[in-house]
Amino acid sequence: MRLILTVLCLVILFSCKDKVVKLVSMEEDVEVLADDSFSGRETGTIGEIKASQYIARRYEEIGLEMKGSDGYFQEFSFKPSVNPHKKPNVSDSVGDGLIYGRNVVGFINNNAPTTVVIGAHYDHLGLGGVGSLHRDGEAIHNGADDNASGVAIMLRLAHTLAFNDTTESNNFVFVAFSGEEMGLLGSAYWVKNATVDISTVNYMINMDMVGRLNAENTLAVHGVGTSPIFKQTLFANNEQGLNLAEHESGVGPSDHTSFYIADIPVLHFFTGQHEDYHKPSDDSEKLNYQGMTTISDYILAIVKDLDDHGKIAFRKTKDESEEVPAFKVGLGVVPDYLFTGKGMRIDGVSEDRPAQKAGLQKGDIVVQMGDSTVVDLMSYMRVLATYDNGQKAKVIVDRDGQPLEVEVEF
């Protein structure tokens, strides 16, 4: 609580780029946003409103112009769906039964013809409910990685770009999105009610769960195929030696999707799921802040490189989610989505499921199922889709460099 009071009391007034502004660390931002006092930042709650006010104060400290529909805020309302798998209706109207979200929007005006959107959602799951993987009653889900980490990197980028004279060929809009956990609502609303001319938006950068860079320095980048220039830019600026897990598609379960479907190139950065995902244990002390600095520096290098390229080209990509086959059975594991080696590495094993019963462990790399070789996650899913309940399969895994064969019964 002392840290919150310290950070919230930072009042720094300035009017131009030659003023000195204290750089609030990403760790400080995460600790504030992931504090219990915000009650998990569920959309439409007092906790989320407090979080939005904190972000607005940070924008003001940095010196960002107000670019919402009401100061820094862009409010929207929606009627929640009875079916948790159906996207809620976003509405402009006010009426009974509506939930209110608010995007927080700041702006760097370089009087440029094009604008870059840099965004991260700040809402989370509140006390749990739909989407939570916690099974022991209500508990505050602080969402440090998901997604205080993305907001913290966004704020660091805003601070740097606000005082950087070498990136003036684009304007910059910074949007902390509300309603992501309920269906990408805030980003969808912003795209349809953009607070800048949407036709001038050059590209969008999204950060969602970027706080757990692993020992292999693996960073997933989605949307690589949405502009022809992205692939060469990503590798040309990788001075940090990140192990990049590339994904071509601009469609995925985060806010970049709202921009992609409006024909805007997107890059989405992600450090992977983990055992604290959507649980109360996703707390600030578990984040890799040095890793977040590495990611922030990498994104900044990409932005600087792209600043001299004018309006970049957009390209449609295949929706990778359409290639996922239907399953009749499950192995009961969480795949390591960041693994770039041969096979499918297991990142977690569920209790009392086929994998655990067969003795498989976190870190095992599945290289064969039945007579089929597993070379990556997609080939694993294709093989798994061929099995029915009650069938058995020989599974070969690589465990610490040694082959291990087990029999799995589905």
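Buried, as used in these legends, means under 20% relative accessible area. The structure shown is a predicted model.

**Figure 1. Overall content of the predicted model.** The protein has 410 residues, of which 53% count as buried. Its secondary structure comes to 10 helices and 16 strands. Among contacts with a separation of 6 or more, 74% are between residues 24 or more positions apart.

Figure 2. Strand β7 spans residues 201-207 and includes N206. Because its relative accessibility is 0%, N206 counts as buried. Beyond its neighbours within four places in sequence, N206 is in contact with G119 and A120, with S254, D255 and H256, and with L267, H268 and F269. A120 lies 86 residues from N206 in sequence, yet the two C-alpha atoms are 5.7 Å apart in space. With H268 there is also a polar contact, formed between the side chains of N206 and H268 at 3.1 Å.

**Figure 3. Close-up of the second largest pocket.** The space in this pocket amounts to about 670 Å³. Its lining is made up of 23 residues, and those closest to the centre of the pocket are Q273, H274, E275, D347 and K362. Strands β11 (333-335) and β12 (344-349) each supply at least two lining residues. The largest share of the lining, 4 residues, comes from β12. Sorted by class, the lining of the second largest pocket comprises 8 nonpolar, 7 polar and 8 charged residues.

Figure 4. Helix α3 covers residues 46-62, a run of 17 residues. From the first C-alpha to the last, α3 reaches 25 Å, close to the 24 Å expected at 1.5 Å a residue. In an α-helix there are 3.6 residues a turn, so residues three or four places apart point the same way. The buried residues of α3 are G47, E48, A51, S52, Y54, I55, A56, R58, Y59, E61 and I62. Charged side chains are represented in this buried set, including those of E48, R58 and E61. After α3 comes G63, which has a positive phi, near 100 degrees.

Key: Residues numbered from 1 in each chain as written. Predicted model: local features only at pLDDT ≥ 70, side-chain atom pairs only at ≥ 80, totals over all residues. Heavy atoms only, no water. Buried < 20%, exposed > 50% of the residue type's maximum accessible area, 1.4 Å probe, protein only. Contact = heavy atoms within 4.5 Å. Polar contact = N/O pair within 3.5 Å; in protein donor to acceptor, adjacent residues only side chain to side chain. 1 Å grid on protein atoms, 1.4 Å probe; cavity = no way out; pocket = protein on both sides within 12 Å on 5 of 7 lines; lining within 4 Å. Points joined across faces, edges and corners; volume = space filled by probe spheres on them. Expected span 1.5 Å × (residues − 1).
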